[in-house]
Amino acid sequence: MASNKRLKILCIHGYRQSGQTFREKTGSLRKLLKNHAEFVYITAPHKVPPGNLGSAASESEASCDTPQEKNDENGWWFSREDDYFKSTDYSNVSKGFQASLDMIISVLENPPDGGFDGILGFSQGACLVSMLCLLQQKEQKNWFKFAVLVAGFKSRSSNHDIFYQHQAAIPSLHVYGETDRIISTEMSEELLQYFENPTTLIHSGGHFVPASGQQKKMYLDFFDKMLKAS
């Protein structure tokens, strides 16, 4: 590469994960992009209650490849008042969302060692990233210059309808699996309409962050473009 510059990426984990577990599950991606990007991980402020199996059985994002520590399961918001979340539930509840939004904006506006170039989110985290992209567009902020959304979807909380009123103009890469049983391809494709000229990376797998040989070229092409534009 022409220079030693690397992009700084803020990473937003999925439901029932933490910054540390998401870091572990994106090891292959970090290795692939080690010359392109530095990844910074944060943890959601809300603990998922133990034994909340209604949500856990259908919406667990922690079971990709390693056991999840029970005391390290966190969420960005809940779709019911009893601290339950399910991506497919239509709801007028988004318990804890504002605290999470405020936390992430604080990190974006007061970053360690300089600002962020991009943001990456997985599942519930990608849903939150989509709203951050739209909010940044609306408020004319400059928190980040591009977004990567893995297994993203449009929030079904009516409280979030206010975000989905326009398109985000920043470059975006949308990654989703054809056999994802938690976030369907239809849910991820529904989100595309809220981004101008979105780039899509569709893989044959399920609910995880892919980084195998088949996906490498698209990741590298996208991040090469982001580096040149930075």
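What share of the contacts in the chain with a separation of 6 or more comes from residues 24 or more positions apart? Such residues account for 83% of these contacts, where contact means heavy atoms within 4.5 Å. This is a predicted model, in which local features need pLDDT of at least 70 and side-chain atom pairs count only at pLDDT 80 or more, while totals for chains, interfaces and linings use all residues. Residues are numbered from 1 along each chain as its sequence is written, and side-chain values use heavy atoms, with hydrogens and water left out.

**Overall make-up**
- The chain has seven helices and eight strands, which are DSSP runs numbered from the N terminus (helices are H or I with at least four residues, strands are E with at least two).
- Of its 230 residues, 55% count as buried, that is, under 20% relative accessible area with a 1.4 Å probe and protein chains only, whereas exposed means over 50% and partly exposed lies in between.

**The sheet**
- Six strands form an open sheet in the order β2-β1-β5-β6-β7-β8, with parallel pairing; two strands pair if DSSP finds at least two bridges between them.
- Because β2 (37–42) and β8 (199–203) stand at the edges with a single partner strand each, one side of each is left without a neighbour in the sheet.
- Neighbouring strands of this sheet are turned by 20° against each other on average, direction ignored, with axes taken as lines fitted to C-alpha atoms.
- Within the sheet, β5 (residues 118–122) and β6 (residues 146–150) pair in the parallel sense over five bridges, and I119 stands opposite A147 in β6.

**Helices on the sheet**
- Helix α5 (residues 124–139) packs on the sheet and touches β1 (7–12), β5 and β6, while its direction makes about 140° with that of β5; such angles run from 0 to 180 degrees between N-to-C directions, and helix axes are fitted over the stretch in contact.
- Helix α7 (residues 213–229) lies across β1, β2, β6, β7 (172–177) and β8, and runs at about 160° to β8.

**Two loop residues with positive phi**
- Most residues other than glycine have a negative phi.
- Q140, in the loop between α5 and β6, has a positive phi near 55°, and at 74% relative accessibility Q140 counts as exposed.
- N197, in the loop between α6 (185–191) and β8, has a positive phi of about 50° although it is not a glycine, and at 71% relative accessibility N197 counts as exposed.
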